[in-house]
Amino acid sequence: MEPIPVAILGATGAVGQRFVQLLDHHPWFKVTTLCASDRSVGKTYVEGCRWLLDSPMPEWARDMILQPTVLEAVNEPIVFSALPAEVAQDLEPALAEKGCVVCSNASAHRMDEDIPLLLPEVNAEHVELIHQQRQRRGWRGAIVTNPNCTSTGMTIVLKALDQVFGVKRAIAVSLQALSGAGYPGVASLDIVDNVIPFIRGEEEKVSLEPRKMLGTLKNGHIEYHPLTISAQTNRVAVLDGHMVCLNVECETRPSPEEAIQVLEAFALPDWLANLPSSPRPPIMVRRENDRPQPRLDRMIGRGMSTIVGRVRADEVLDLKMVVLSHNTIRGAAGASIYNAELIVQKGLLP
């Protein structure tokens, strides 16, 4: 098919750069607009962006002129948003009303009743909320969100376990990479030789977002999963890759080996597995005593897979394990692109 024009909002930031990197030579999408903050508008991308990634800036992006982050600058059918929540709050609905499908990494609208919070391998059916959203709000376009980068990997694991054993309660302790704070992010004097045991707003997101994603779509609204999650979030001196030490209580108590077999067998239907950004595999279990590790495992499945290790019996609940996912790929830009592919596959563009 002809490439679909797309725009990137917040294109010079850490997540915006991931969008540029991941959309390079994408088989379905072509970036035609890059938007940035006022200080960069009118510059070329190479002039206005301090490139942070370990692969070269794509040639097609270097000379693109950065546009203002305003409604009039965007006319593409698909818009990828890496905006701060306070900017996304008003601009994303305006773009949806204009007719754009906004695939957002921002938190502003994740918990809105009629806006999907999507992980395709978990809740692809929630994309149907777009119909209710358009009907209620009178939009031609739509907003679809992906979850907080810490919620992502653990929710995929909880989905696999819930399908077979039922999940009741979970304790999640995160070790979150520096890139999750954006650029310039955390000051070096705060994080070197240190762990920061507080990230504003994260514990609330990790406690609530999985319940929406694991919920059931009924009569045009989502019934949240009754799962209870206790979360503690920490910033650590790792560049990329969020880890979660996850303890889970199930309706039916599995042995560690039974849980491993279920996680390894977690598969996607062919129509979903064949999307360009689909994780291959969705979940990988590492059986070594000291894995997963961010530096060694975060790029498995091109950064889209969820890596699980140290699956053991838990003395308090039923199971304990370590979950790793790449926070700026599977937990941010890659997730939004995957959601956009799902929307195209379902024929939900205006």
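Biologist: Which residues make the nonpolar surface patch?
Modeller: This is a predicted model, and in it Met-111, Leu-208 and Tyr-224 make a nonpolar surface patch of about 220 Å².

Biologist: Where does Tyr-224 lie?
Modeller: Tyr-224 lies in the loop between strand 9 (221-223) and strand 10 (228-232).

Biologist: And is Tyr-224 buried or partly exposed?
Modeller: Tyr-224 is partly exposed, with a relative accessible area of 31%.

Biologist: OK, switching to rings. How many aromatic pairs are there?
Modeller: The count comes to four aromatic pairs. One of them joins Phe-29 and Phe-80: the ring centres are 6.0 Å apart and the planes stand at 65°, so the pair is edge-to-face.

Biologist: Why does that pair tie together parts that are 51 residues apart in sequence?
Modeller: Phe-29 lies in strand 2 (residues 29-36) and Phe-80 lies in strand 4 (residues 78-81), so the contact ties together parts that are 51 residues apart in sequence.

Biologist: Are Phe-29 and Phe-80 buried or exposed?
Modeller: Phe-29 is buried, and Phe-80 is buried too.

Biologist: What about the rings of Tyr-45 and Trp-51?
Modeller: Their centres are 6.3 Å apart and their planes are at 75°, so this pair is edge-to-face. Tyr-45 is buried, and so is Trp-51.

Biologist: Which residues do ring pairs link into a cluster?
Modeller: The cluster is Phe-19, Trp-28, Phe-29 and Phe-80.

Biologist: What lies over the face of Trp-271?
Modeller: That would be Lys-346, at 4.5 Å from the ring centre.

Biologist: Let's do salt bridges. How many does the structure hold?
Modeller: The structure holds 16 salt bridges. Among them is the one where the side chains of Asp-114 and Arg-137 meet, at 2.6 Å from N to O.

Biologist: Where do Asp-114 and Arg-137 lie?
Modeller: Asp-114 lies in the loop between strand 5 (101-104) and helix 5 (120-123), while Arg-137 is in helix 6 (residues 129-137), so the pair ties together parts that are 23 residues apart in sequence. Asp-114 is buried, with a relative accessible area of 6%, whereas Arg-137 is partly exposed at 32%.

Biologist: And which residue does Lys-205 meet in a salt bridge?
Modeller: Lys-205 meets Glu-202, at 4.0 Å from N to O. Both lie in helix 9, three residues apart, which is about one turn of the helix. Lys-205 is partly exposed, with a relative accessible area of 24%, and Glu-202 is buried, at 8%.

Biologist: Which residues are linked in a network of salt bridges?
Modeller: Arg-286, Glu-288, Arg-291 and Asp-297 are linked that way. Within that group, the side chains of Arg-286 and Glu-288 meet at 2.6 Å, N to O.

Biologist: Why does Arg-286 count as buried?
Modeller: Its relative accessibility is 17%, and buried means under 20%. Glu-288 has 31% relative accessibility, so Glu-288 counts as partly exposed.

Biologist: What is phi of His-25?
Modeller: His-25 has a positive phi of about 65°, although it is not a glycine. Most residues other than glycine have a negative phi. His-25 sits in the loop between helix 1 (14-23) and strand 2, and His-25 is exposed, with a relative accessible area of 72%.

Biologist: And what about phi of Asp-193?
Modeller: Asp-193 is not a glycine, and its phi is positive, near 60°. Asp-193 lies in the loop between helix 8 and helix 9 (202-213) and is exposed, with a relative accessible area of 80%.

Biologist: Last one: what does UniProt list for residues 5-130?
Modeller: An unreviewed UniProt entry lists residues 5-130 as "domain: Semialdehyde dehydrogenase NAD-binding". In the model, that span is 30% helix and 18% strand, and its end C-alpha atoms lie 20 Å apart.

Definitions and conventions: Residues are numbered from 1 along each chain as its sequence is written. This is a predicted model: local features need pLDDT of at least 70, side-chain atom pairs count only at pLDDT 80 or more; totals for chains, interfaces and linings use all residues. Side-chain values use heavy atoms; hydrogens and water are left out. Rings of Phe, Tyr and Trp (its six-membered ring) pair if their centres lie within 6.5 Å; planes under 30 degrees apart count as stacked, over 60 as edge-to-face and the rest as tilted. Helices (H or I, at least four residues) and strands (E, at least two) are DSSP runs, numbered from the N terminus. Buried means under 20% relative accessible area, exposed over 50%, partly exposed in between (1.4 Å probe, protein chains only). A charge sits over a ring if NZ of Lys or CZ of Arg is within 6 Å of the ring centre and within 35 degrees of the ring normal. UniProt positions are given in the numbering used here, feature names are shortened, and annotations may be inferred rather than shown by experiment. Patches are made of residues with over 30% relative accessible area and no salt bridge: like charges are joined within 9 Å, nonpolar side chains (Val, Leu, Ile, Met, Phe, Trp, Tyr) within 5 Å. Accessible areas come from the Shrake-Rupley method with a 1.4 Å probe; for residues, only the protein chains shown count as cover.
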